[in-house]
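Student: I am new to this structure, and I would like a close look at one part of the picture. Could you walk me through the salt bridges and the charged surface?

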Amino acid sequence: MRDRLKKAGFTAAVLFVCGLMYFYGKATDEQKMQREIAKEVIRLHVVANSDSGEDQKLKLEVKEEILSLLREQMREDQTVTAAQQTIRDHLDEIEEAAGRYIRDMGYDYPVKAELGTCYFPVKEYGDLTFPAGEYKALKVNIGRSEGKNWWCVMYPTLCFVDSTYQVVPDESKEKLKDNLTEEEYDSLLSGGEDVEYGFKILDVISGIFK
């Protein structure tokens, strides 16, 4: 009986280590894939002055001003490098347009726009799911920047997705397909849902001790 328990314990330990290795390897692979996807994407990150209802409403209105300003300029950009340059070229205009709108609404919040790197959580756009991680982003800080933020994908132009039906434009999908590997693009469609296999290991371990 003791030998049987030792054998079962050893088997369980081996399976547990294998499970950890599986999850660690999968996490590492997903991180690598996220970094590759991030090379072809530019996000928008707008941070409100505070979490008050007025400041949150203002944040969304400022976001619309920014998208309205950049919509036409970025439409012709065929590469992420070109899109980044377009944003750099318009940083002053972005700050001016946002600041002017904020003043027109009766607030005196300063605005700071910069192209940098930000962390984003998992986010769905229509049938595409972008993994969490660091992305190049146009970050717009309003006032104290202590409120909830709003984000989207500026390149390809998923920010301009239909807000009611969440339909991703075919043109944007084509840009992603052209610049990502087949595996990377498929991962956006699947949303990284293939993570359940590891739980089978736990089922096996449980069965050993039944």
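Tutor: Across the whole structure, a search finds 8 salt bridges, each being a side-chain nitrogen of Lys or Arg within 4 Å of a carboxyl oxygen of Asp or Glu. This is a predicted model, where local features need pLDDT of at least 70, side-chain atom pairs count only at pLDDT 80 or more, and totals for chains, interfaces and linings use all residues. Residues are numbered from 1 along each chain as its sequence is written, and side-chain values use heavy atoms, leaving out hydrogens and water.

Let's start with Asp127, which forms a salt bridge with Lys173, their closest N and O atoms being 2.9 Å apart. Asp127 sits in the loop between β3 (123-125) and β4 (128-130), while Lys173 belongs to helix α5 (residues 170-179), so the pair ties together parts that are 46 residues apart in sequence. Helices (H or I, at least four residues) and strands (E, at least two) are DSSP runs, numbered from the N terminus. Asp127 is partly exposed, at 38% relative accessible area, whereas Lys173 counts as buried at 17%. Here buried means under 20% relative accessible area, exposed over 50%, and partly exposed in between (1.4 Å probe, protein chains only).

Next, Lys39 pairs with Glu36 in a salt bridge whose closest N and O atoms are 3.0 Å apart; Glu36 is partly exposed at 33% relative accessibility. Arg144 and Glu146 form another, with 3.1 Å between the closest N and O atoms, and both of these residues are exposed.
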